[in-house]
Amino acid sequence: MLNTIMKTKLFAWVDRRTGAEAIIKSQLTEYPAPKNLNYMWNFGSLALLVLILQILSGIFLTMYYKPSAEFTYGSYTVAFDSVERIMRDVNFGWLIRYMHVVGASLFFAVVYMHIGRGLYYGSYKEPRELLWIIGVIILLIMQGAAFFGYLLPWGQMSFWGATVITNLFGALPVIGEYLQQLLRGGFSVGDPTLNRFFSLHYLFPLLLVAIVGGHIHALHVVHSNNPEGIDLTKDDEKIMFHPYYTVKDAFGVAVFLLIYCYFVFFNPHAWGLFLEVDNYVPANRLSTPAHIAPVWYLTPWYTILRSFPDKLMGVVAMGGSLAILFALPFLDRSKVRSARYRPVFKQMVILFFIDVIILGYIGHSPVSPMLKLIGQFATAYYFAFFFLLLVVPKFEKTKPVPEGI
Amino acid sequence: MTEETNDSRRNFLYLAAGGLGGVAAAATIVPFIGSMFPAADTLAASQTEFDVTTVGPGQQVVILWQGTPVFVVNRTPNLLKEVLGHDQMLKDKDSKAIPEVSQPWMNDKNRAYRSIKPEYLVSSAVCTHLGCIPGFKPTAGRKDWGDSVPADWPGGWHCPCHGSKYDISGRVINGSPAPFNLHALPYKYKNDSVVVIG
């Protein structure tokens with residue numbers, strides 16, 4: 001179909017003025033990709049799909065959502081009521097909101113798989129360091145966007161989540177108090193906070209689009225890594241992106257949409273993982289819910305925060321656990337990329353994945369002395385993983401890497 | 001397997017998969033565009049009730065129905081006389097040009113008065129030219145209005161935006177830029193004095 005379009009006179013007219021044909025050919029139809037990519041390489045295109053779905057559903061939700069903490073009747077507020085109006089009165093409002101809610105969680109699920117793939121197959125290594133760093137920036141912006149978005153329904157979890165997280169910044173010495181007021185626009189989370197969070201929740205996805213463009217551009221300069229983690233030099237080791245990977249990505253999209261639709265239509269709350277019951281209680285600044293935890297995709301970092309007995313230490317560790325991702329390409333100096341040929345690293349990285357899941361589970365559960373202890377060990381391994389990478393290449397006996405594929 | 005059969009099989013699968021994908025994408029548009037139509041609570045507020053007897057003799061009250069203004073006029077016997085006798089000045093004296101200017105409750109008896117009870121006119125207040133609200137100039141002639149109205153002014157409305165003129169039944173007068181009479185509204189009497197619009 002694309003070929004037919006590219007033969008038309010109209011396309012020729014556009015092409016003479018934009019060079020569209022050369023761009024399409026070099027970036028899509030004749031873009032060479034390794035022929036041995038496995039299904040772990042599907043998550044990049046899925047992340048792009050979810051980003052589009054989130055922006056689309058978000059635009060339509062904004063047509064009815066009202067960012068105001070002003071009271072209506074009882075302890076209800078304009079913002080809370082407008083979300084309930086979307087659920088009850090707006091045509092397909094329930095569908096669009098659940099698409100947005102489920103999309104947020106699946107966005108992180110897809111991106112975490114994407115990051116895990118990069119870790120396991122050494123996709124962060126030379127020459128893809130910058131590609132990895134741009135990816136980490138995308139992760140941070142996503143987490144910010146998710147945090148801002150979670151305040152908008154102005155329920156109990158929204159309010160107390162925002163209170164806790166903005167208090168984190170208050171723990172910083174000297175600037176903390178000012179930073180906190182800057183974020184809140186007041187002495188506590190309130191109407192000004194809701195308005196600025198809404199503004200930023202709309203801004204961040206636009207930033208994401210631009211930075212994702214940079215991520216894809218950077219990818220197309222250095223080209224995809226592959227499961228063997230080797231540089232591909234021969235032409236017969238590569239295949240055209242189209243139709244081979246467009247079809248494979250389309251298959252991945254079909255599988256993803258099945259899962260997405262299951263949650264949207266049959267299980268939008270996902271047993272309290274995607275949407276918490278407490279958030280259907282209007283925000284009440286006089287009473288904190290009995291159990292408060294962030295949504296699942298932020299819980300690993302929440303556990304790291306809780307693992308330290310000192311407030312400032314916890315905040316610094318949580319920030320550090322994300323910041324250390326930037327340093328990863330420079331910590332791991334092994335010349336071999338893929339975990340397939342690094343026996344020690346393979347065990348470390350699999351343990352790291354399990355470790356993050358444990359951190360996430362603990363962050364989602366109410367605190368108990370046992371879980372706290374496990375959380376502290378898990379936190380220790382989280383950081384140890386990165387610093388061990390400095391020394392592992394010195395003693396690790398890597399397996400011989402294949403010449404080609 | 002020959003090259004040829006392979007191709008036709010591929011083309012079929014390509015078209016089938018692509019076609020279904022296209023149908024799915026098109027179906028996705030439905031909820032998004034659908035969400036932009038009036039919500040259930042907006043539709044629920046689509047009726048307006050009004051007690052017409054609260055309008056004094058000769059007085060006009062402008063109320064809202066579905067967010068647009070509505071004239072309610074208490075026509076005195078003098079004003080009712082103004083309804084007749086100037087048919088040659090009207091573009092559409094029987095309100096038959098377009099469906100919107102007529103209503104099922106209109107019959108040959110009340111067609112000129114354009115109201116269920118002649119003394120209470122309930123009519124759209126939106127000028128059919130470009131949507132302004134015409135000014136109320138009920139009395140005939142220039143006595144009250146000076147030369148802002150023609151010498152043979154039958155009494156009615158005069159739009160401040162582009163000078164469209166309507167008689168006291170909301171029928172558009174020749175020479176106005178407005179193409180049609182003021183729209184007639186779907187209303188009924190709930191009891192002797194309360195009308196329900198919508």
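In which helix of chain A does Lys25(A) lie? Lys25(A) belongs to helix H3 of chain A, residues 20–29. Helices (H or I, at least four residues) and strands (E, at least two) are DSSP runs, numbered from the N terminus. The model is predicted: local features need pLDDT of at least 70, side-chain atom pairs count only at pLDDT 80 or more, and totals for chains, interfaces and linings use all residues. Residues are numbered from 1 along each chain as its sequence is written, chains are lettered from A and ligands numbered from 1 in the order in which they are written, and side-chain values use heavy atoms, with hydrogens and water left out.

Lys25(A) is partly exposed, at a relative accessible area of 29%. Here buried means under 20% relative accessible area, exposed over 50%, and partly exposed in between (1.4 Å probe, protein chains only). The C-alpha atom of Lys25(A) is separated by 9.8 Å from that of Phe241(A), 216 residues apart along the chain.

Salt bridges were counted next. A salt bridge is a side-chain nitrogen of Lys or Arg within 4 Å of a carboxyl oxygen of Asp or Glu. The count over all chains comes to 13 salt bridges. Arg85(A) pairs with Asp41(B), with the closest N and O atoms 2.4 Å apart. This pair crosses between chains, from helix H5 (residues 78–88) of chain A to helix H2 (residues 40–44) of chain B. Arg85(A) is buried at 19% relative accessibility, whereas Asp41(B) is partly exposed at 28%.

Within chain A, Arg340(A) and Glu228(A) form a salt bridge at 3.2 Å, N to O. The two residues are 112 residues apart and link distant parts of the chain. Arg340(A) lies in the loop between helix H13 (311–331) and helix H14 (343–364), and Glu228(A) in the loop between H10 and strand E2 (238–240). Arg340(A) is partly exposed, at 33%; Glu228(A) is buried, at 15%.

Asp332(A) forms a salt bridge with Arg342(A), with the closest N and O atoms 3.0 Å apart. Both lie in the loop between H13 and H14 of chain A, so the pair ties together parts that are 10 residues apart in sequence. Asp332(A) is buried at 3% relative accessibility, and Arg342(A) is buried at 0%. Asp332(A) and Arg342(A) are linked with Lys125(A) and Glu396(A) in a network of salt bridges.

Chain B is divided into domain 1 (1–37) and domain 2 (43–197), with bounds from an automatic or database domain assignment. Their C-alpha centres lie 54 Å apart.

Strand pairing in chain B was then examined. Two strands pair if DSSP finds at least two bridges between them. An open sheet of three strands has the order E2-E3-E4, with antiparallel pairing. Strands E2 (60–65) and E4 (120–124) stand at the edges with a single partner strand each, so one side of each is left without a neighbour in the sheet. Six bridges pair E2(B) with strand E3 (residues 68–74). Val62(B) stands opposite Phe71(B) in E3(B).

E1(B) runs antiparallel to strand E9 (residues 194–197), joined by four bridges. Glu49(B) stands opposite Val196(B) in E9(B). E9(B) also forms a hairpin with E8(B), with four residues between them.
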